[in-house]
Amino acid sequence: MITVKEFGKTKDGKEVSLYSIKNSMGMQADVTDFGAILVNLFVPTAGGDKLDVVLGYDKLSDYETSGSCFGATIGPSANRIKGAKFTINGTEYSILANENGNNLHSDGEHGFHKVVWDARVNDDENSVTFSLKQEDGALGFPGNRTFTVTYKVTDDGEVAIIYTGASDKDTVMNLTNHSYFNLDGHDSGSMEESTVMIKADRYTEIVPGAIPTGNLPEVAGTPMDLTSPHKVSEHCDDAFEQLVLTSGYDHNYVISKETDGVEKVAEVMAAKSGIIMEVYTDLPGIQFYAGNFIDTHTGKGGASYARRMGLCLETQYFPNAINEPAFESPVFGPNKPYNTTTIYKFI
Ligand code: GLA
């Protein structure tokens, strides 16, 4: 069931709504047309409680000003692009250099998470579809483009996020969802005692600034190995060079895929609540970010947020894939529409 209410007005006066998508088991995802953001995600526990498992804000104005990307749809290019430039079909494109001379998340002020999308409620599918048009050259990226992001809540406990993109020119399409999960509740403090498994035998090694070197080292025998479940706290602060560079896990894992389709790639288990989240995707990579740089500040319901209070599992093409020929290409265009699905399933 889907209900709609007002979520405020943007600073330039646009009205924004909050769509609540519920399933028959008491799960509820609240999503807004501002930034196609997942604001709240209520998950029932075996004990009969309902926990909101994503960090966020009560007020639209906080989403407008915050740099944390809580719940955000990031696009058109998530993660980092080296030197904030890339070449497609012989033409070089320059985009915003907003982190150490590189690009992070396309644009922190005008990117996909900072604009109002069109919204359509699909009652028959229990989903809401947000759509966004981008003109050729918007944010420096080529192509007249249309994107959609659909949030669907199923009776199997799934929040499915389906992305599509069409363009009249070849361009970069690499959207992700940047939710910070805490399966004991967004207001429960550190998530470091929760357990993470990622089905990945390799990861993209990085240099300072978190740009991949192109090497894909094996996780085996290192603190990066999450092929079996480990508490985040177990190795997050190990003196392992790759982890020191990012003050804890903040790496793209190379998913050990078994099919071309949507398959299970990660699992998180709460420390206390009993909630388990499975992640499914058809994409080749997943950025595990342990919330190492969450600023100390106030979030939903007056909750006090700080470092490591939420973790992100951002499914994606590898960071800087547009400049690394060996990485699977994030180029889509007239002959190659973009269509990808990620599912966060709660059990
Ligand atoms: C972005 C990225 C994360 C992490 C933080 C660091 O949010 O998505 O993976 O690198 O920046 O602040």
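With which side chain does the side chain of arginine 308 make a polar contact? In this predicted model, where local features need pLDDT of at least 70, side-chain atom pairs count only at pLDDT 80 or more, and totals for chains, interfaces and linings use all residues, the partner is the side chain of glutamate 192, at 2.9 Å. Residues are numbered from 1 along each chain as its sequence is written, and side-chain values use heavy atoms, with hydrogens and water left out.

A polar contact is a pair of N or O atoms within 3.5 Å; within protein, one atom must be able to donate a hydrogen and the other to accept it, and residues adjacent in sequence count only if both atoms are side-chain atoms. Arginine 308 is located in the loop between strand E27 (304–305) and strand E28 (312–316). Strands (E, at least two residues) and helices (H or I, at least four) are DSSP runs, numbered from the N terminus. With a relative accessible area of 1%, arginine 308 is buried; the term buried stands for under 20% relative accessible area, exposed for over 50%, and partly exposed for values in between (1.4 Å probe, protein chains only).

The ligand was examined next. Arg80, His105, His178, Asp250, Gln287, Tyr289, Phe293 and Glu314 are the residues around the ligand, where a residue is counted as near if one of its heavy atoms lies within 4 Å. The side chain of arginine 80 places an N or O atom 2.8 Å from an oxygen atom of the ligand. For histidine 105, a polar side-chain atom lies 2.7 Å from a ligand oxygen atom, and for histidine 178 the distance from a polar side-chain atom to an oxygen atom of the ligand is 2.7 Å. On its own the ligand has 310 Å² of accessible area, of which the protein covers 86%; accessible areas come from the Shrake-Rupley method with a 1.4 Å probe, and for residues only the protein chains shown count as cover.

Nine strands form an open sheet in the order E11-E12-E13-E14-E30-E24-E23-E17-E21, with antiparallel pairing. Two strands pair if DSSP finds at least two bridges between them. Strand E11 (118–122) and strand E21 (230–231) are the edge strands, each pairing on one side only. Strand E17 (residues 195–198) runs antiparallel to E21 and is joined to E21 by two bridges; threonine 195 has lysine 231 as its bridge partner in E21. Within the sheet, strand E24 (residues 276–281) has five of its six residues buried. Six bridges pair E24 with strand E23 (residues 263–269) in the antiparallel sense, and glutamate 267 is bridged to glutamate 278 in E24. The hairpin of E23 and E24 has six residues between the strands, and glycine 274 in this hairpin takes a positive phi near 85°. E24 is also joined by five bridges to strand E30 (residues 338–346), the two running antiparallel; here methionine 277 has phenylalanine 346 in E30 as its bridge partner.

Aromatic contacts were then considered. Rings of Phe, Tyr and Trp (its six-membered ring) pair if their centres lie within 6.5 Å; planes under 30 degrees apart count as stacked, over 60 as edge-to-face and the rest as tilted. The model contains 18 aromatic pairs by this rule. One of them is edge-to-face and is formed by tyrosine 19 and phenylalanine 130, at 5.9 Å centre to centre and with 70° between the planes. Tyrosine 19 belongs to strand E2 (residues 15–22) and phenylalanine 130 to strand E12 (residues 127–134), so the pair ties together parts that are 111 residues apart in sequence. Tyrosine 19 and phenylalanine 130 are both buried. One aromatic cluster is formed by Phe7, Tyr57, Tyr63, Phe70, Tyr180, Tyr289 and Tyr305, and Tyr289 is also among the residues around the ligand.

Several backbone features occur in loops. Glycine 75 and proline 76 are joined by a cis peptide bond, with omega about 0°. Proline 76 is found in the loop between strand E6 (73–74) and strand E7 (80–81) and is buried at 0% relative accessibility. Asparagine 79 lies in the loop between E6 and E7, has a positive phi of about 65° although it is not a glycine, and is buried at 2% relative accessibility. Leucine 139, in the loop between E12 and strand E13 (145–153), has a positive phi near 60° and is partly exposed, with a relative accessible area of 23%.
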